[in-house]
2 protein chains.
Amino acid sequence: MVRIVEVGPRDGLQNEQVPLDTRLKAAFVAALAEAGLREIEVTSFVSPKWVPQLADSGDLWPLLAPGPLFSALVPNAKGLERALEVGVDRIAVFTAASDAFTTKNVNMTVAETIEVFAEVIAGFRARYPGGWVRGYVSTAFECPYAGRIEPAQTAEVAARLLELGVDEVSLGDTIGVAAPPEVRALAAELDGPKDRFAWHFHDTRGTAVANVAAALDLGFTAFDASAAGLGGCPYAVGAGGNLATEDLVYLLERWGLRTGVSLAALARASLPVLEALGRRPTSKAQLAALSAP
Amino acid sequence: MVRIVEVGPRDGLQNEQVPLDTRLKAAFVAALAEAGLREIEVTSFVSPKWVPQLADSGDLWPLLAPGPLFSALVPNAKGLERALEVGVDRIAVFTAASDAFTTKNVNMTVAETIEVFAEVIAGFRARYPGGWVRGYVSTAFECPYAGRIEPAQTAEVAARLLELGVDEVSLGDTIGVAAPPEVRALAAELDGPKDRFAWHFHDTRGTAVANVAAALDLGFTAFDASAAGLGGCPYAVGAGGNLATEDLVYLLERWGLRTGVSLAALARASLPVLEALGRRPTSKAQLAALSAP
C-alpha cells in the first residue's frame with residue numbers, strides 16, 4: 001500500500017504572498033479529500049509574523065470536514081498550544097540536516113531544534129498519548145548555504161527524530177537538486193524500517209518523479225506531494241515547486257499501484273487556488289488530465 | 001559515455017504551425033552545437049505538404065556549420081533523393097510498433113513501412129557505404145488507437161530494423177504514457193547489445209526523466225531529447241512535449257555522468273525559437289538554469 005501525504009495546503013501555500021480566504025483553503029482541502037487523498041497536511045501553527053499566509057490556521061482547522069487524516073505543522077510550544085486549542089491531533093515538526101539551514105531559518109542549530117521538538121512532542125503526547133507525529137528533515141541532500149550533505153549526516157538526524165518518538169521521518173530535497181543515485185545513497189544509510197520514512201521531493205530541476213521511482217524500487221512506500229506542484233522553499237534561492245501530486249499519482253497508477261485518488265478530480269481540485277494566485281497549471285499530469293476528453 | 005541525440009530542430013518543430021525562418025533554425029542548431037550537443041537531428045525530408053514547417057530542409061542543411069553529427073529524417077525514396085542532393089550523410093527512418101498507428105499516419109502497415117526502409121537504406125548506402133542509419137519505433141509502449149503494446153511486439157519491430165541494417169533503434173513513447181516498469185519490461189525483450197538502442201521519451205505526464213533513470217540503471221546509454229521540450233506528436237491527441245534536453249542534461253550531470261553540454265548555454269539556445277513561437281520555457285531544469293544567479 002502506497003501512501004501519499006498531500007502537503008499542498010501547507011507547504012504549497014506557505015510562501016504565497018497573495019492572501020487567500022480561509023474558506024477557499026477549506027474548500028481546497030475538501031476538494032483534495034473528495035479526489036481521494038487520505039492524508040493531508042492542512043496548515044501550520046507557526047508565528048503569523050513569519051508565515052502570514054497561514055495565520056488563519058486556528059480558523060481553518062474547525063472548517064475541515066471529517067474523513068481524511070489531517071495534520072498540521074507545529075514549530076514550538078506556543079504553536080502547540082494554539083494547535084491543541086482547536087483540536088489538532090496529528091502534528092509535524094521540522095528540522096534540517098544542515099546547521100547552516102536551521103540557523104538561517106530559525107536561528108537554532110539542528111541539535112537545538114531537536115531539543116524544542118522533545119518539548120513539543122512531550123506536550124502533544126500528554127494530550128494525545130500515542131498521537132501521531134511526523135518529523136521533517138529538510139536539506140536531506142543539499143543545503144543552499146552549506147552545499148552537499150553527506151547521507152550519514154541526514155541519516156543521523158533522522159535517527160535522532162525516531163529516537164525522540166516521531167512516527168515517521170520525511171526526508172526533504174528542499175531545493176530540488178537530487179538525482180536517483182543520491183536517493184539510493186541516503187536510503188543505504190537510513191536506520192529503521194522503510195515504513196518509518198517518507199520522501200519529500202521538490203521538482204525544481206525535473207528529477208522528483210525519477211527520485212520517487214528510485215525510492216519505490218527500494219521498497220519505500222510513502223511520498224509527499226503538493227497538488228498542482230504548489231509551493232517550494234521560501235528560503236532557498238531558485239527553488240521551484242514541490243512534486244505535483246498529479247505527477248505522483250500518474251506515476252503510481254501507471255506503475256500498477258493503487259492510490260485511491262481520482263486524477264481527473266485531483267487535477268481540478270487546485271484550480272480555484274491557482275486562479276486566486278494568478279497561476280496556471282504546470283504539472284504535466286495535471287495538464288494532461290485537464291485536456292483529456 | 002552517455003549519448004544525447006538532440007531532436008528539437010526536427011521532432012520539436014515539425015508540428016509547429018508558426019512558420020520559422022530558415023536562418024532562425026540554422027541559428028538554433030548552431031546554438032545547440034555551441035552548448036555542446038554532438039548529435040543533432042536537424043530536419044526531415046518528408047513531403048512539404050505533410051510537414052510544412054520542415055519544407056525548407058534542403059535550404060537548411062547547407063547552412064549547418066561543421067562540428068556535430070547532423071542527421072535528417074528520410075521517409076521514402078523521394079525524400080532520400082532530396083536529402084542526398086544536399087549532402088545528408090546520416091539518416092533516420094521511422095515506423096511504429098502498431099499497425100493502427102502507421103496506417104493512420106502513413107497509410108501503410110508496419111511491415112509495409114519496413115519494406116520502404118529497405119529501399120531507402122539500400123539507396124543511402126549505395127551513396128554512403130556503411131553510412132549511419134537510425135530507425136525509430138514509435139508507440140513503443142502504447143498506441144493512441146490500439147492501446148497498450150506488448151513489449152514483445154515492439155521488440156520484434158526493433159529486431160527487424162536491426163536485421164535491415166540500421167545502426168541504432170530509437171524506441172519512442174510517442175504519447176508520453178510509460179512508467180519505469182514498462183521500460184524494464186521492454187528492455188527485457190530487446191534482442192541485441194544495449195548500445196544499439198536509444199530511448200525517446202515524451203514527458204506528457206511527467207514520467208520521462210524517471211524512464212531515463214530506469215534505462216540508465218539497466219545500462220542503456222543513448223537518449224533522445226528536445227531543447228526546451230519542444231514538440232510532441234502531431235498525430236496523438238493530448239500529447240505534450242518531448243523530454244526537455246535541459247532536464248535530461250541535469251539528470252545525467254547530477255548522476256555523475258559527463259555530457260559535455262553546458263546547461264547554462266543550452267537553456268538559452270532555444271529562447272529565440274520559443275519567442276518566435278510565442279511560447280515560454282516550461283522545462284524545469286531550463287527554468288532553474290535561466291534563473292540561476
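Modeller: The contact takes 29 residues from chain A and 29 residues from chain B. Residues are in contact if their C-beta atoms, placed from the backbone, lie within 7 Å. This is a predicted model: local features need pLDDT of at least 70, side-chain atom pairs count only at pLDDT 80 or more, and totals for chains, interfaces and linings use all residues. Residues are numbered from 1 along each chain as its sequence is written, and chains are lettered from A and ligands numbered from 1 in the order in which they are written.

Colleague: Which helices of chain A each supply at least two residues of the side that touches chain B?

Modeller: α8 (180-189), α9 (208-217), α10 (245-255) and α13 (284-291). Helices are DSSP runs (H or I, at least four residues), strands likewise (E, at least two), numbered from the N terminus.

Colleague: And how do the residues on that side of chain A divide?

Modeller: 15 nonpolar, nine polar and five charged. Nonpolar means Ala, Val, Leu, Ile, Met, Phe, Trp, Tyr, Cys and Pro; charged means Asp, Glu, Lys and Arg; the others, Gly among them, count as polar.

Colleague: Switching to the fold. What does the sheet in chain B form?

Modeller: A closed barrel of eight strands, β1-β2-β3-β4-β5-β8-β9-β10, with parallel pairing. Strands pair if DSSP finds at least two bridges between them.

Definitions and conventions
Contact = placed C-beta atoms within 7 Å.
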